[in-house]
Amino acid sequence: MAIELVPLPLPASADASKFTDFGREVRGVDPGSLSPELFEQVKDALYKHDALLFRDVRLTPEQQYALTKAFDPESESYGHGNNKTESTKKSILHPDLKTIPRVPQVQLIGNGTVYNHEGLAEAMLKHPSHTTFHKTRVTPEDEAKGITRFYRWHIDAALYDLSPPKVTTLYGIHIPKGSHQICRYDDGTGDELKVPLGTTAFVSGKTMFDILPKELKSLAVRSKVRYAPHPYVWMAPAHAMPTGLGIESEGLELPLSELPHWEEERRKVLPVVWKNPVTGNLHFQVHPCGAAELIVDPLPAGATREGALYPDGAHITELKEVRGLLYKMQRPAIAPNFVYPHDWRENDLVLFHNRGVLHSVVGAFTKEQVRAFHQCNLAASDDPTGPTEEQVKAYA
């Protein structure tokens, strides 16, 4: 038996030519009870299409954990550790996640108060808002008119000690109804995107790499990112860009001496581009908010130096320069025509290739609008692989 794959419906804003391989709806199978043969087809489809949608699913937390774990059987703990935030309320993740008691790898996220839910007598959920994280905010008057922003473009990953999850599963249990909103970039470009209320927005890391000019492709394949220790605590006092793509350089990050205990060897140093294990494609995969340093290798022997950036290599530690380079490389791919904003329905299950896409929470809810999702991702058993030597030579 073969699974049925159907292209996802794209909004009018999307450039369909950039979504020919991205995203598929899977029909005719129950993701909570896949046979080994069907799971292998789903796994292959996920790496080829980066996001899979199952409609009208009934999925227990145990089934969701088992499905997520099947993509990496040696993985065990939640992607940020089963305590999620190093047991500190200083982390920006602290208010967003509530653990399902009997399955600590599955988190309850959403908005409003949920009662008697999977062992939780009462859970007060808070939808992340740009108003508490960005340097600037949409005015209350505009917000009342449905103007909103991307909250934070990211990869699901602790970025310290634990390896980035391979797959995230998101299960929409209760979806409030509401009008579409306008996601405004507020960066001087005039860019804006009509989005469903509470959408999860996705962009392809492959597209992010593919659309770069030659000199930035060369820089990307030669570079690694060193992330800050305990990055979600480190960044908590700082403010984000209005696009949600990284942090403003204001010197507000928590000093390393004030972070929870950390060790240099546990800091993550990861390639800027990650190799897809099935297609071999390169995906630009950087969490811009947590990046602290860039390590650039010299051009390989025989590569032309004309127009090359940092041809002799570099170790860039000045935060403003690090962030400026990453923003220059990542911003083009979050333009409205490259964004897939998922229009959630109740009992939707979305699986996404966490090593192949970036995503963002979007929008704002009132306190009365109750939203409940189960999220699961697992710290991987290994780190992502960067480009091969041949790929570096081809793009450098």
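Throughout these views, a residue is called buried when its relative accessible area is under 20%, exposed when over 50% and partly exposed in between, as computed with a 1.4 Å probe on protein chains only. The model is predicted, so that local features need pLDDT of at least 70 and side-chain atom pairs count only at pLDDT 80 or more, whereas totals for chains, interfaces and linings use all residues. Residues are numbered from 1 along each chain as its sequence is written, and side-chain values use heavy atoms, with hydrogens and water left out.

View 1. Cysteine 183 is in no disulfide, and the nearest cysteine sulfur, which belongs to cysteine 289, is 15 Å away. The relative accessible area of cysteine 183 is 0%, and the residue is therefore buried; cysteine 376 is likewise buried, at 0%.

View 2. Helices (H or I, at least four residues) and strands (E, at least two) are DSSP runs numbered from the N terminus, and two strands pair if DSSP finds at least two bridges between them. Strand S1 (residues 4–7) and strand S2 (residues 24–27) run antiparallel and are joined by four bridges, with valine 6 standing opposite glutamate 25 of S2. On strand S3 (residues 51–54), which runs parallel to S2 and is joined to it by two bridges, leucine 53 is the bridge partner of glutamate 25. S2, helix H1 (residues 36–49) and S3 together make a right-handed β-α-β unit, where right-handed means that, with the strands pointing away from the viewer, the path from the first strand over the helix to the second runs clockwise.

**View 3. Two nonpolar cores.** A nonpolar core is here a set of buried Ala, Val, Leu, Ile, Met, Phe, Trp, Tyr and Cys residues joined through side-chain atoms within 4.5 Å. The largest has 61 residues, of which Phe150, Trp153 and Phe284 touch the most other members. Helix H7 (residues 319–330) gives the most to this core, namely five residues. Another core, of 19 residues, lies apart from it and includes Phe39, Ala45, Leu46 and Leu67.

View 4. Counting a salt bridge wherever a side-chain nitrogen of Lys or Arg lies within 4 Å of a carboxyl oxygen of Asp or Glu, the whole structure holds 27. Aspartate 142 pairs in this way with arginine 184, the closest N and O atoms being 3.1 Å apart. Because aspartate 142 lies in helix H3 (residues 140–144) and arginine 184 in strand S9 (residues 181–184), the pair ties together parts that are 42 residues apart in sequence. Arginine 184 counts as partly exposed, at 21% relative accessibility. Arginine 323 and glutamate 253 also meet in a salt bridge, at 2.9 Å from N to O, and both residues are buried.

View 5. The side chains of arginine 355 and aspartate 382 meet in a salt bridge, at 3.7 Å from N to O. At 10% relative accessibility arginine 355 counts as buried, whereas aspartate 382, at 35%, counts as partly exposed. Salt bridges that share partners join Asp72, Lys166, Arg355 and Asp382 into one network.

Notes: A disulfide is a pair of cysteine sulfur atoms within 2.5 Å.
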